[in-house]
Amino acid sequence: MTDRKIRVLIAKPGLDGHDRGAKVIARALRDAGLEVIYTGLRQTPEMIAEAALQEDVDVVGLSILSGAHNVLVPSVMDKLAQNGLDDVRVFVGGIIPEDDIPALKDNGVYAVYGPGTDTQQVVSDIKQAVNVQD
Amino acid sequence: MSKIDPQAIQNGDRLALSRALTVIENDDPQSLEIQADLFPHTGQSHIVGVTGAPGTGKSTLVNQLVKAFRQNKSETKPPKVAVIAVDPTSPFTGGALLGDRIRMADLSGDKGVFIRSMASRGALGGLAHNTAAFATILDAAGFDMIVIETVGAGQAEVDVAQLAHTVVVVEAPGMGDDIQSIKAGILEIADILVVNKADRPGADNTARTLKVMLDMAQNSSNLPAGKHGTSNSDHLFQDIYIKQETWKPPVHTITATEGKGIAGLAADIQAHRAYLQDTGVWQIKEAHRLRRDLDALIRDKLLQQWQQALDQEQFEGVLQDVIERKYSPIEAANLLVHDKTK
Ligand SMILES: Nc1nc2c(ncn2[C@@H]2O[C@H](COP(=O)(O)OP(=O)(O)O)[C@@H](O)[C@H]2O)c(=O)[nH]1
Ligand SMILES: [Mg+2]
C-alpha cells in the first residue's frame, strides 16, 4: 500500500524581510493536505536547491518581493538542475511585473502568482502539476 | 518512481539517499528491497533523540550541536551527521507544516550533514511509523550520528526512547518550576537533561528542580512504576534500566541561540555513547529495539493476512450478534480469529 503525499518546499530567496505571504501560502497548502517544508528568510539559491534535494520535494515555491526575480529564479533553476532535480516543479509568487513572466516561464517556471492570488488556485495547480487526483 | 540503487546510497549519492527515504516513507513496493539490501550494512550509527515540548528550542539546539560535532577538532575526521526532524501531521487535513529547518540554516552547505523533515502521518503525534526505517537507511549511508528531533508528547517520547541510544530531553524555564509541572516520564527516558534559554529568568530554578527529582529517583531502590511488567520486552527494559543505574543523567543549562553550553552537552553525548559501549548496554538496547520492531511487524503482517482472508459477511453477522448482546466482543473475536487460524 503506498501512501503518497505531495511535498512542497516554500523558500524565500533574496534579502527582503517579509515572509507573511510565504507563510500564508504555506498554511493554505498544509490545510489542503500537503506536506510543506518552510525554510525561512534569506535563502541563497544554493540553500534552496540543497533543501529541495534533502527533502525530495515535488514542488519548490519561491516567494520573491525584492524585484530580484530575474536574477534569483534562473539561479535557483540552475542549482536545482545541478542537483539532478530537473523534475521538480517551480512556482513563483510575489511582485512580478507582467513583462517578466514569459522569460521566467521560458526558464522552466511552472506558474507565477501575483499578490491576492486565491490560494485554492495554487493548490489545484500544484495537484495538477504533480499529477495527483483529488 | 525510478529504480534506486542501494549501492549508490552506500557510496554517498545524496539524491539516491533522498529518493530512497521517499520510497520508505510512502511504503512504496521498492521499500522492502532497499531495506533488505541495506540492513546488513547498519549498526554503526549513534542514534540521538532530542525531545521536549514545542518551543523549548530543540531545533535551535540541534543546529548548534551538529555544528559543534562537525567542527570538533579533537577527532581526526569529523563525524557525518544526519538529522530527522519529525513534526505532527494535522489529523484533520492530513497536511503538515515542517519548520525545523528554519533554525538549522547554519548547517546548509556542509556535505557532511543531511537534514530531512518528516511528518508523523498516520502515527498521531508520535514518531512516524517509518522513522526507524529512515534511521536504517541513513546508517547504511554512512552517517556516524543520526539526530532525531521529535515533539515530546506521550507516546512520542516512549517511541524515541526505544529507537535512540541516547535521549536528550529539553526543557525551558517559564513553564513553572514545581515538581508537578515537570512532565511525568521524562526522568525515565532522559539520558541527558537540558534546560535551554538560560538567558531567561528561572532557568536555574528549573535545573535545580530537575536535579532534585533525579536524586529522588536515584535514591529509591525500586524501579519506577513504568518499568515493572511481565512481558519479554518489559524484562529487557528492566535489564537496560538496571545496567543504566550507573549512569547519572547530567543536567545542562544552555543558551542555544548563543551556542552557550553546547560544547559540554556535545561532550556528554559522546560520553554516553562510550558508556553504552563499555558496559554492553548498547547491544542490549539494540536487541531490545530489534525485538520490538520484529514484534510490531509480525503483528501488522498477521493482521493483514487475517483481514485478507476475512469473510466480510461473516464479520458483519458476528458484529450484529455483538450489537444484539448475543456475544461479548471477546467471544466474537475468538470466534472470528479461530475460524481462520484452525
Ligand atoms: N531566549 C532564547 N530563545 C531561544 C533559545 N533557543 C531557542 N530560542 C527560541 O525559541 C523559539 C523556538 O525555538 P525552536 O528551536 O524552533 O524550538 P522547537 O520547537 O523546540 O524546535 C525560537 O524563537 C528560538 O529563537 C535560547 O537559548 N534563548
Ligand atoms: Mg523544532
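A polar contact here is a pair of N or O atoms within 3.5 Å; within protein, one of the two must be able to donate a hydrogen and the other to accept it. Keep that in mind. One caution before we start: this is a predicted model.

Let's go to the interface of chain B and chain A. How many residue pairs are in polar contact there? The count is 21, with both residues at pLDDT 80 or more.

Now the extent. In contact are 30 residues of chain B and 29 residues of chain A. Between them, the two chains bury about 2500 Å². Carbon and sulfur atoms give 46% of that area.

Next, charge. The rule finds 6 salt bridges across this interface. One residue to look at is Arg121(B). Its side chain meets that of Glu35(A) in a salt bridge, at 2.7 Å from N to O.

Stay with Glu35(A), and turn to the strands. Glu35(A) has a bridge partner in β3(B), namely Ala96(B). Strand β2 of chain A covers residues 35-38. That strand pairs with β3(B) over 3 bridges. Parallel or antiparallel? The sense is parallel.

So much for the tour. Find Glu35(A) on screen: Arg121(B) is its salt-bridge partner, and Ala96(B) its bridge partner in β3(B).

Notes: Residues are numbered from 1 along each chain as its sequence is written. Chains are lettered from A and ligands numbered from 1 in the order in which they are written. This is a predicted model: local features need pLDDT of at least 70, side-chain atom pairs count only at pLDDT 80 or more; totals for chains, interfaces and linings use all residues. Side-chain values use heavy atoms; hydrogens and water are left out. Contact means heavy atoms within 4.5 Å. Buried area is the accessible area (1.4 Å probe) that two parts lose on being put together, summed over both. A salt bridge is a side-chain nitrogen of Lys or Arg within 4 Å of a carboxyl oxygen of Asp or Glu. A polar contact is a pair of N or O atoms within 3.5 Å; within protein, one must be able to donate a hydrogen and the other to accept it, and residues adjacent in sequence count only if both atoms are side-chain atoms. Two strands pair if DSSP finds at least two bridges between them. Helices (H or I, at least four residues) and strands (E, at least two) are DSSP runs, numbered from the N terminus.
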